[in-house]
Amino acid sequence: MDLNSTIIVYDLDGTLAWTEKYWLPVVAEVVRAIEMEFGGKSILERVEDILQSLGDPVEEIFGRVYPKASDCEVQEMLRLKEQVWSDL
């Protein structure tokens, strides 16, 4: 075993460190973009729904938060998410 190895730990779910301050604004921005496009619940209800789903695939989260969305609409939400993330 090489004791001089470097380990990088990605902890974005808050298990080891409080990382919400970094990713929560991004989640809020994604939700705002989707809200503008699709409407529905208030943004705070949606962020709470998303936070309760941490660790689940994004497609499943969008399906729970927007249960009436078609597969095509969920794909559009994923596209908006990618667009918002790339713009930040």
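A residue counts as buried when its relative accessible area is under 20%. By that rule, 26% of the 88 residues of the protein chain are buried. The model described here is a predicted one.

**The chain as a whole**

- Read from the N terminus, the elements of the protein chain follow the order α-α-α-α.
- The protein chain has an accessible surface of about 6500 Å². Carbon and sulfur atoms hold 57% of that surface.
- Among contacts in the protein chain with a separation of 6 or more, 35% join residues 24 or more positions apart.

**Helices α3 and α4**

- Helix α3 covers residues 58-65, and helix α4 covers residues 71-87.
- The axes of these two helices come within 10 Å and cross at roughly 120 degrees.
- An angle of 65 to 115 degrees would count as roughly perpendicular and one over 145 as roughly antiparallel. The helices α3 and α4 are therefore oblique to each other.
- The crossing of α3 past α4 is right-handed.
- On the α3 side, the contact is made by Val58, Glu59 and Phe62. On the α4 side, the partners are Val74, Met77, Leu78 and Lys81.
- Sorted by class, this contact of α3 with α4 contains five nonpolar residues, two charged residues and no polar ones.

**Phe62 in α3**

- Phe62 lies in helix α3 and has a relative accessibility of 4%. Because this value is under the 20% cut-off, Phe62 counts as buried.
- Leaving aside residues up to four places away in sequence, Phe62 touches Val30, Ile34, Val74, Met77, Leu78 and Lys81.

**Ile61 in α3**

- Ile61 also has its place in helix α3. Its relative accessible area is 8%, so Ile61 is buried.
- With residues up to four places away in sequence not counted, Ile61 touches Ile50, Ser53 and Asp56.
- Ile50 and Ile61 are 11 residues apart in sequence, and their C-alpha atoms are 6.4 Å apart in space.

Terms used: Residues are numbered from 1 along each chain as its sequence is written. This is a predicted model: local features need pLDDT of at least 70, side-chain atom pairs count only at pLDDT 80 or more; totals for chains, interfaces and linings use all residues. Side-chain values use heavy atoms; hydrogens and water are left out. Axes are lines fitted to C-alpha atoms, for helices over the stretch in contact, and angles run from 0 to 180 degrees between N-to-C directions. Helices (H or I, at least four residues) and strands (E, at least two) are DSSP runs, numbered from the N terminus. Angles under 35 degrees count as roughly parallel, over 145 as roughly antiparallel, 65 to 115 as roughly perpendicular and the rest as oblique. A crossing is left-handed if the near helix is turned anticlockwise from the far one by less than a right angle, and right-handed if clockwise. Contact means heavy atoms within 4.5 Å. Ala, Val, Leu, Ile, Met, Phe, Trp, Tyr, Cys and Pro count as nonpolar, Asp, Glu, Lys and Arg as charged, and the others, Gly among them, as polar. Buried means under 20% relative accessible area, exposed over 50%, partly exposed in between (1.4 Å probe, protein chains only). Accessible areas come from the Shrake-Rupley method with a 1.4 Å probe; for residues, only the protein chains shown count as cover.
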